[in-house]
Amino acid sequence: MEESIAAFDLIQDALEKKFTQVQVKAMNPLALAYIGDGIYSDRIRKYLIGIGHQNVNIMTKTSVSYVRASAQAIVVHALIPELTEDELRIVKRGRNTFSHVPKNADAGDYGYATGYEALLGYLYLCQELKRLDALIIKSIHIINQLEQ
């Protein structure tokens, strides 16, 4: 039983771990993009439910217009003028990091999408949640404008 308690404590410590901005800046951009992708997907799903969607098939198809690389590339280009120097540096690091590009994605778009997701991961891990939310709200608005 004590082993289980210790294991639960380790899990809880990992889930609650706080990082300094220096630590987050030193992380692999793909690790930042990994967490950023999850955060963004989660927020898109919450948004779709929040606007009244209930059908899982429709939500899955609709979410693609927000999470695909080409949409994220458009978003990050639109957001660049309002990013701080640190945020722009994270986007560029993510964009320039080599990763496997899916067959259905343009390499340039995929690079910028990775940069965008790295930015979201950076903001999340740095606990800059108001800034994270503000950028996601603007991102959704930008994509909604494209769909009209």
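Reader: Where is Ile11 found?
Author: Ile11 is found in helix H1, which covers residues 2–16. The model is a predicted one.

Reader: Why is Ile11 called partly exposed?
Author: Its relative accessible area is 47%. Buried means under 20% and exposed means over 50%, with partly exposed in between. The 47% of Ile11 falls between these limits, so Ile11 is partly exposed.

Reader: What makes the nonpolar surface patch?
Author: Phe8, Ile11 and Leu15 make the patch, which has an area of about 370 Å². A patch residue needs over 30% relative accessible area.

Reader: Which residues of helix H5 are buried?
Author: In helix H5 (residues 69–79), the buried residues are Ala69, Ala71, Gln72, Ala73, Val75, Val76 and Leu79. Their cover includes helices H3 (29–50), H4 (56–67), H6 (85–96), H7 (107–125) and H8 (129–147).

Reader: How many salt bridges does a search of the whole structure find?
Author: The search finds five salt bridges. One of them pairs Asp86 with Lys25.

Reader: Why is the pair of Asp86 and Lys25 called a salt bridge?
Author: The closest N and O atoms of Asp86 and Lys25 are 3.1 Å apart. The cut-off is 4 Å, so the pair counts as a salt bridge. Asp86 is in helix H6 and Lys25 in helix H2 (residues 21–25), and the pair links distant parts of the chain, 61 residues apart.

Reader: Why are Asp86 and Lys25 called partly exposed?
Author: Asp86 has a relative accessible area of 24%, and Lys25 has 30%. Both values lie between 20% and 50%, so both residues are partly exposed.

Reader: How do you know that Glu82 and Lys138 meet in a salt bridge?
Author: Their N to O distance is 2.4 Å. That is within 4 Å, so the pair qualifies. Glu82 is partly exposed at 34% relative accessibility, and Lys138 is partly exposed at 36%.

Reader: What separates Arg89 and Asp86 in helix H6?
Author: About one helical turn separates them, because they are three residues apart in the helix. Their side chains meet in a salt bridge of 2.7 Å, N to O. Arg89 is partly exposed, with a relative accessible area of 43%.

Reader: What joins Lys25, Asp86 and Arg89 into one network?
Author: Salt bridges that share partners join these three residues.

Notes
Residues numbered from 1 in each chain as written. Predicted model: local features only at pLDDT ≥ 70, side-chain atom pairs only at ≥ 80, totals over all residues. Heavy atoms only, no water. Patch = residues over 30% accessible without salt bridge, like charges linked within 9 Å, V, L, I, M, F, W, Y side chains within 5 Å. Areas by Shrake-Rupley, 256 points an atom, 1.4 Å probe, with all protein chains shown as cover. Helix = DSSP H or I, 4+ residues; strand = E, 2+ residues; numbered from the N terminus. Buried < 20%, exposed > 50% of the residue type's maximum accessible area, 1.4 Å probe, protein only. Contact = heavy atoms within 4.5 Å.
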